[in-house]
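Dear colleague,

Please find the structure below, handed over for you to look at alongside your own work. My notes on what was found in it follow directly after.

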Amino acid sequence: MSNLDTMPGIDARRLWSTLEASSEIGATPGGGLRRLALSEEDRAMRDLFAFWARESGYEVGIDRLGNMFVQRPGTDPKAPPVLMGSHLDTQAKGGRYDGILGVLAGLEVLRSLDDHGIATVRGIEVVNWSNEEGARFQPPMLCSLVFAGGASVEWALDREDKSGVRFGSALEAIGYAGEEPVGGRELDSYFELHIEQGPVLDETGDDVGIVTSAYVMAGMRIQILGQTSHVGPTPMHHRKNALVGAAYVAVEVNEMGWRYAPEDGKSSVARIDVSPNLPGLLSDEAQLYIDFRHPDPDRLDAMTADVEAAVTESARRSRTEISIAERWGFGGLRFDPGLASLLTRQATALSIRFREMASQAGHDAYHMNNICPTVMIFSPCKDGITHNEAEDVDWDRTTPAVELLFRAVLERAGRADG
Ligand SMILES: [Zn+2]
């Protein structure tokens with residue numbers, strides 16, 4: 001039994017009702033959501049979020065990339081505000097809680113402060129970051145990247161989706177090309193509440209994950225160049241089949257994941273594009289997208305060397321040319337120890353069962369960690385299933401994380417009324 005019942009906190013019913021309303025916008029027959037960044041569904045969700053915020057009396061600021069900031073002022077207008085939030089966009093076949101919980105929990109924190117008549121010294125803001133998922137525009141976490149000074153606004157506006165639609169044009173089309181500058185202002189801190197997207201909390205029965213660090217992740221696009229020829233007359237020793245070269249790399253990368261699994265490393269072969277991809281023809285080109293992760297940056301370097309060796313060996317065996325055409329990565333960071341110990345202290349006071357964890361998926365918090373003290377809170381999700389229509393949470397097991405967010409943000413913002 002936790003101390004939650006005896007302390008003033010959030011209104012779990014109200015938060016749940018906002019999550020249910022969100023689950024109607026872009027609902028898929030499989031029970032999930034399809035709310036791609038800057039789509040009509042994204043616009044509808046943004047409109048609803050802004051409506052809720054204004055109905056509660058908050059201003060909504062929108063910057064040039066469509067990042068939305070719901071603002072509850074503090075008593076000291078000069079003190080940098082506390083920021084919390086996440087994202088309202090989803091994968092093409094995504095779930096109802098990934099990102100969404102973090103934004104709507106933020107709104108609930110503001111409303112709960114109003115319920116209890118609590119004034120804070122610092123202002124508190126809730127952010128909805130544009131295009132976190134990267135399901136439509138690459139890269140993921142695009143707009144927090146720019147906010148944190150990692151890329152320019154113009155570069156982001158020029159990103160194109162698969163059909164060649166510019167980010168900037170799509171943003172104007174849904175009416176969310178705001179006028180505020182992107183970033184460049186001082187923040188006290190950033191909190192992001194997110195479902196774990198893994199099975200640990202669900203299996204251990206802990207209420208909350210206090211996220212102190214993030215796995216380092218490496219992604220690569222591997223290009224395989226071969227030669228088209230007729231599958232009939234071409235002798236085996238003449239073949240340069242790009243598909244087969246890609247397959248050798250794919251198997252090697254997967255085997256690598258098994259080798260590093262005992263130390264919690266993992267690898268994924270996520271996508272293959274082959275051309276011409278026709279029966280009766282050997283392929284002249286393939287693109288393979290892989291990703292691998294490890295808690296220890298040094299071991300990730302060892303995995304990188306293994307992939308490079310696999311590329312050389314696969315090229316030899318398939319008689320194709322294989323190269324690493326593109327590399328990207330994120331993570332390998334530590335969140336703010338001060339905020340982590342604030343969470344630990346508050347969780348203990350609330351009798352919330354918590355564990356320290358490392359994040360394995362990408363989050364906007366990674367970019368924010370570069371510009372202000374940042375921390376993440378994880379809540380359990382059923383069987384760790386995510387980026388999937390079956391993504392689900394147990395409401396009773398979600399409330400402790402939201403209560404913790406409420407206490408932590410309040411402490412950081414400082415009560416103005418003692
Ligand atoms: Zn997310």
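I begin with a pair of side chains, Arg64 and Glu154, which meet in a salt bridge at 3.3 Å from N to O, a salt bridge being a side-chain nitrogen of Lys or Arg within 4 Å of a carboxyl oxygen of Asp or Glu. Arg64 lies in the loop between strand E1 (59-62) and strand E2 (68-72), and Glu154 in helix H5 (residues 153-157), so the pair ties together parts that are 90 residues apart in sequence; helices (H or I, at least four residues) and strands (E, at least two) are DSSP runs, numbered from the N terminus. By this rule the count of salt bridges comes to 25.

Before you read further, please keep in mind that this is a predicted model, in which local features need pLDDT of at least 70 and side-chain atom pairs count only at pLDDT 80 or more, while totals for chains, interfaces and linings use all residues. Residues are numbered from 1 along each chain as its sequence is written, and side-chain values use heavy atoms, with hydrogens and water left out.

The zinc ion is coordinated by His87 (NE2), Asp98 (OD) and His194 (NE2), at 2.0 to 2.2 Å, where donors are N, O and S atoms within 2.8 Å of the metal (3.2 Å for Na, K and Ca), and where sites may look incomplete because water is not among the atoms. In sequence these donor residues are spaced H-x10-D-x95-H. Both His87 and Asp98 lie in the loop between strand E3 (82-86) and helix H3 (100-115), so the pair ties together parts that are 11 residues apart in sequence.

As for the overall layout, the domain assignment, which is automatic or taken from a database, gives domain 1 (3-215 + 332-413) and domain 2 (217-329), and their C-alpha centres lie 35 Å apart. The contact (heavy atoms within 4.5 Å) takes four residues from domain 1 and six residues from domain 2. Across the interface of domain 1 and domain 2 the rule finds zero salt bridges.

Lastly, there are some backbone details to check. Most residues other than glycine have a negative phi, and most peptide bonds are trans. Leu38, in the loop between helix H1 (12-22) and helix H2 (40-55), has a positive phi of about 65 degrees although it is not a glycine. The peptide bond from Gln138 to Pro139 is cis, with omega near 0 degrees, and Pro139 sits in the loop between strand E4 (124-128) and helix H4 (142-147). The bond from Ser275 to Pro276 is likewise cis, with Pro276 in the loop between strand E8 (266-275) and strand E9 (285-294).
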